[in-house]
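Please examine the structure shown below. The report that follows treats the surroundings of the ligand and then the sheet with its helices.

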Amino acid sequence: MERRKSSSDRGKGPNSSRKGRAKNPDPKTPSKIAKTALGAEPEKRGRVNAVPTKGEASSRDFNVHVKTAKRREYGSTLWLKRQLNDPYVRKAKAEGYRSRAAYKMLELDEKFSLLKSGARIVDLGCAPGGWLQVAVKKAGARSTIVGIDYLNVPAIAGADILEMDFLDEAAPDALKKMLNGDADIVLSDMAAPTTGHRSTDHLRIVALAEVALDFAEDVLTPGGAFVCKVFAGGAEGEILARLKQNFKTVKHAKPKASRSDSAEKYVVATGFRGRE
Ligand SMILES: C[S@@+](CC[C@H](N)C(=O)[O-])C[C@H]1O[C@@H](n2cnc3c(N)ncnc32)[C@H](O)[C@@H]1O
């Protein structure tokens with residue numbers, strides 16, 4: 001099938017070039033994102049002091065102060081402070097999830113009953129693997145779970161992971177081969193690194209949602225579901241029209257674990273009507 005390309009998805013954006021993701025120069029080694037999402041190596045990023053919050057001195061509820069290291073930029077210090085004080089980051093670390101994003105999927109699953117036992121699941125943009133861990137836990141040993149990300153994702157028992165750009169022409173067929181049949185659900189938490197330029201970022205998000213939906217329409221079994229990260233006003237325009245045409249139900253959700261200061265939300269489409 002000819003894959004849709006928007007003006008921003010190939011040739012220009014960070015998804016088409018490795019430039020925007022130079023954070024993991026050696027794709028064979030686990031990425032920094034995978035390590036730092038759980039705050040696993042904060043000590044390597046600078047000194048941190050854990051200080052109990054006034055009047056709430058308990059080992060679980062504390063406030064971490066980050067000393068600004070000479071070479072660390074102000075923005076990185078803020079990011080580190082937010083990570084270390086984020087209850088979902090701490091919860092993920094305590095419960096063995098690789099990312100706080102796992103709680104978004106747990107909540108979406110609770111609300112929409114998405115991850116059924118034995119399901120065939122595709123996870124687009126799966127690094128560092130929180131959603132995959134939830135999928136394995138919920139869908140169990142009889143399930144088929146495949147994930148893709150251009151970042152390296154350390155192995156997860158019960159899931160097959162492809163290290164590849166989903167916008168690569170070869171990616172959809174590679175995933176289909178791994179699935180060995182239709183999918184019951186396609187999840188996409190893909191997000192390109194933001195540029196700070198609103199309309200560019202918006203175009204990139206729409207482009208990723210569009211190719212994710214192309215793929216979903218190509219692999220879903222009738223009755224299947226599609227979950228996709230969208231921003232601001234949610235799925236809109238042509239994407240929303242396609243979702244409404246091809247799925248029985250289309251809803252938007254903002255899980256509690258999704259930061260309130262982020263415009264991120266998810267579109268959840270269930271009851272795929274099937275291909276003609
Ligand atoms: C918010 S993270 C996903 C977190 C994941 N759901 C979890 O639970 O750990 C978004 C991911 O999308 C990936 N991504 C963005 N564009 C992509 C593309 N074109 N191909 C593959 N992965 C992509 C990024 O590398 C990043 O790891």
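How many nonpolar, polar and charged residues does the shell around the ligand have?

## The shell around the ligand

In this predicted model, the shell around the ligand consists of 14 nonpolar, five polar and four charged residues. In total, 23 residues surround the ligand. The closest are Ala-101, Gly-125, Gly-130, Phe-166 and Asp-189.

Strands of a sheet pair through backbone hydrogen bonds, in either a parallel or an antiparallel arrangement. Here, seven strands form an open sheet in the order β5-β4-β3-β6-β7-β9-β8, and their pairing is mixed. The edges are formed by β5 (160-163) and β8 (247-253), each of which pairs on one side only. From one strand to the next, the twist averages 15°.

Strand β3 (residues 120-124) runs parallel to strand β6 (residues 183-188), and four bridges join the two. Ile-121 has Ile-185 in β6 as its bridge partner.

## Helices on the sheet

Helix α5 (residues 101-112) packs on the sheet, where it touches β7 (220-230), β8 and β9 (265-272). The direction of α5 makes about 40° with that of β9.

Definitions and conventions. Residues numbered from 1 in each chain as written. Predicted model: local features only at pLDDT ≥ 70, side-chain atom pairs only at ≥ 80, totals over all residues. Pairing = 2+ DSSP bridges. Axes fitted to C-alpha atoms, helices over the stretch in contact; angles between N-to-C directions. Contact = placed C-beta atoms within 7 Å. Near = placed C-beta within 6 Å. Nonpolar A, V, L, I, M, F, W, Y, C, P; charged D, E, K, R; others polar.
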